[in-house]
Amino acid sequence: MVLGKTLQDAINEQVKNELYSGYMYLAMAAYCEANNFPGAAKWMRMQAGEEQEHAMRLYDYVFDRGGRVTLQAIAQPPAEFKGLLDIFEQAYAHEQKVTGMINSLYAAAAKENDYATMSMLKWFIDEQVEEERNASQVVEMLKLAGTHIPAVMMLDGRLGARAE
Ligand code: FEO
């Protein structure tokens with residue numbers, strides 16, 4: 001069954017949203033790089049790569065279903081932040097927003113009885129639980145570290161140990 005036009009448009013929109021997420025994380029990586037947080041920069045850079053993979057997962061799915069991907073303009077991400085805590089708070093808020101987007105996509109697929117799309121989206125629903133948890137855990141740790149510079153630097157080192 002070929003992907004319906006409404007869902008195709010909605011998935012195309014999400015391809016853009018995932019690419020924007022990657023662009024935003026890359027902007028965060030650039031800020032960290034410029035502000036002597038090499039560990040957080042690595043974490044953010046890896047996250048940007050993950051978002052690219054999320055976009056490609058949707059991209060491939062559209063073609064698997066005989067649809068057509070139409071790439072849209074990606075907005076400019078912010079360049080300036082107030083520090084590491086601000087970055088991770090924004091990342092956490094962003095992931096909560098993305099969860100809402102994925103849930104809306106799932107609801108649209110359910111409305112059209114498109115079980116294949118619902119099944120594909122299950123991966124994203126599970127992934128969002130992880131995405132939110134990862135960001136919120138760092139927010140909590142940064143809050144604990146507060147303005148204690150050695151604690152923040154130690155945390156930056158931990159972020160730099162991210163392997164996947
Ligand atoms: Fe693609 Fe961070 O969710």
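Select helices H3 and H5 first, since each of them supplies at least two residues of the lining of the second largest pocket; helices here are DSSP runs of H or I with at least four residues, numbered from the N terminus. The model is predicted, and local features need pLDDT of at least 70, side-chain atom pairs pLDDT 80 or more, whereas totals for chains, interfaces and linings use all residues. Residues are numbered from 1 along each chain as its sequence is written, and side-chain values use heavy atoms, with hydrogens and water left out.

Now show the whole lining of this second largest pocket: Phe37, Gly83, Leu84, Leu85, Leu142, Gly146, Thr147, Ile149, Val152 and Met153. A pocket is an open set of points on a 1 Å grid over the protein atoms alone, where a 1.4 Å probe fits, with protein on both sides within 12 Å along at least five of seven lines, and lining residues have an atom within 4 Å of a point. The space amounts to about 170 Å³, a volume being that filled by probe spheres set on points joined across faces, edges and corners. H5 gives the largest share of the lining, three residues. By class there are seven nonpolar, three polar and no charged residues, where Ala, Val, Leu, Ile, Met, Phe, Trp, Tyr, Cys and Pro count as nonpolar, Asp, Glu, Lys and Arg as charged, and the others, Gly among them, as polar.

Eight of the lining residues, the largest share, come from H4, and the lining divides into six nonpolar, three polar and nine charged residues.

Then select Met28, Cys32, Met44, Leu84, Ile87 and Phe88, the residues with the most contacts inside the largest nonpolar core, which has 25 residues. Such a core is a set of buried Ala, Val, Leu, Ile, Met, Phe, Trp, Tyr and Cys residues joined through side-chain atoms within 4.5 Å, buried meaning under 20% relative accessible area with a 1.4 Å probe, protein chains only. H1 gives the most to this core, with seven residues.

Finish on H1 itself: at 1.5 Å a residue its 30 residues should span 44 Å, and its end C-alpha atoms are 43 Å apart, which agrees; the expected span is 1.5 Å times one less than the number of residues. Just after H1, Asn36 takes a positive phi of about 60°.

Methods: Buried means under 20% relative accessible area, exposed over 50%, partly exposed in between (1.4 Å probe, protein chains only).
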